[in-house]
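Please read the points in order alongside the coordinates.

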Amino acid sequence: LARWSEANGGTFPDDVVKGIRVGDEDYFQTVPNGPANPAQSVPLWDYSDEAIAAFKKLNPNDVYPRHWGYPEAFGEKAYADWMWSLHSACAGLLRTTKQTLRDENLGSLKIWRNITRCNSFYCGNDLGGTSLDMAARELDIVCADPYPANDRGYNGGHIPSDMGYVAGVARRHGKELMPWMQGHEAHNPKPEHLELIYKQHVEHEPTRIMYLGYGNLERPPIGTVATFPIGNRKSWELSRGLNQEFQNRTPQQIKAGVVAVRDYQVRSLNGFGREDCLDRLFAGTLSELSARFKSHYDPIETRSLTELNWIELQRYAVVVVALPRVVPAHCWQAFAKLPGKCILFASDCETLGADRGITGVQSSQEIVTGGEVETVEGPRLASLTTRCVEVGPEVQALGTHNRKTCIWKKRSLVFVASRITHQSIPAFLE
């Protein structure tokens, strides 16, 4: 701030500078694009006196984990509290930045940060310190930077997946939404790609758009080719019309009918090479919800189910939750009292029989690996693992594995106790 003020003759140029980008993607370079080899260590950040003290304040009973990937050694709750503590500290950096601006009488300056690397569900974000929910709470502008265009063509599912989640956290916290219009990445986006990028972004009603990719064509950023203004003249000329169209459009307010709850005791078990974990499959379900069904949803990231704001959940027609291994008894009661439909992904849950009156489960029979789930709607779905249960006569079976119930409904609660392919899961949301 002092450098800018000095260059401007003693006062900060807040008549020209209206916002500040505070950082980029991960807070820690934790293997940005996945382990280079099987021996690559993925450390836990950060192993310091302050971090350990913060963890102990949350969880005085467990040992601070010294490496990612060993919940059987350190405990699932230890990983959840470690990740929650790390994400809280990193979000605190954003809070401190904003407070510093206020202290300098520059509180009107807006701060933003593109809050994902690769995509909203990439586990490197988790290991690198990013909670999209916590970040959105502290930022003035929530920014996403999906890159759907490259030399192989256009990935039409990338923006819906990314923006579905990022727009949801911005909406919940009442913050501005500003996606980047991709301007570089190997080969420059063609005009038809730029039009698709714009069209897919505005479906989520952003308040601003921002272009990425300005630069000298002869000296571009490492590994990229700048698009604007000379890398791709046709795309540059098209952007003028897109900008004008964006400024002239009338914003529409989106009210999401679905809320998706991500519990850190499920989320913290995600990671490189764990494509079959519950959080990864849950993320695929949410992506399908945005990309194929064009449904808007609001994400909630919670340290545990016990910390949920149940009054907030009552505002939604559908509540979707990935359940941890143990669900506290009072949470079963709270789920049952929600006025709308509640979809509970329960393949990891070991306490389904704790309240038969709510779940309808008489006993858990077995856990089966592989095979298929047959649904009452007809399609057979490939399954990674399935928790088969014995249910009472009052329960409506929706899916079976070898004639044993694994998807069922009781009143307004739908239980999905199989890790089935996410492409078919949203059918249960209809």
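1. Two strands are taken to pair if DSSP finds at least two bridges between them. Helices (H or I, at least four residues) and strands (E, at least two) are DSSP runs, numbered from the N terminus. Strand β3 (residues 141-144) is joined to β6 by 4 bridges, and the two run parallel. Cys143 has Met178 in β6 as its bridge partner.

2. On provenance: this is a predicted model, in which local features need pLDDT of at least 70 and side-chain atom pairs count only at pLDDT 80 or more, while totals for chains, interfaces and linings use all residues. Residues are numbered from 1 along each chain as its sequence is written, and side-chain values use heavy atoms, with hydrogens and water left out.

3. The pairing of β3 with β6 belongs to an open sheet of 5 strands, ordered β1-β2-β3-β6-β7, with parallel pairing. At its edges are β1 (19-24) and β7 (210-211), each of which pairs on one side only. Helix α4 (residues 76-103) packs on this sheet and touches β1 and β2 (110-114), contact meaning heavy atoms within 4.5 Å. The direction of α4 makes about 155° with that of β2.

4. How do helix α7 and helix α11 cross? The axes of α7 (residues 158-172) and α11 (residues 278-291) come within 8 Å and cross at roughly 105°. Axes here are lines fitted to C-alpha atoms, for helices over the stretch in contact, and angles run from 0 to 180 degrees between N-to-C directions.

5. By class, the contact has 4 nonpolar, 4 polar and no charged residues. Ala, Val, Leu, Ile, Met, Phe, Trp, Tyr, Cys and Pro count as nonpolar, Asp, Glu, Lys and Arg as charged, and the others, Gly among them, as polar.

6. Helix α7 also gives the largest share of the lining of the largest pocket, 4 residues. Both α7 and β6 (176-181) give two or more residues to that lining. The lining divides into 8 nonpolar, 4 polar and 9 charged residues.

7. Strand β14 (residues 380-391) has several antiparallel partners. Strand β12 (residues 361-369) is joined to β14 by 7 bridges, with Thr369 opposite Thr385. Strand β13 (residues 372-375) is joined to β14 by 3 bridges, and Val373 stands opposite Leu381. β13 and β14 form a hairpin with 4 residues between them, and Gly378 in the turn has a positive phi of about 120°. Strand β18 (residues 418-420) pairs with β14 over 2 bridges in the antiparallel sense, where Ser383 stands opposite Ile420.
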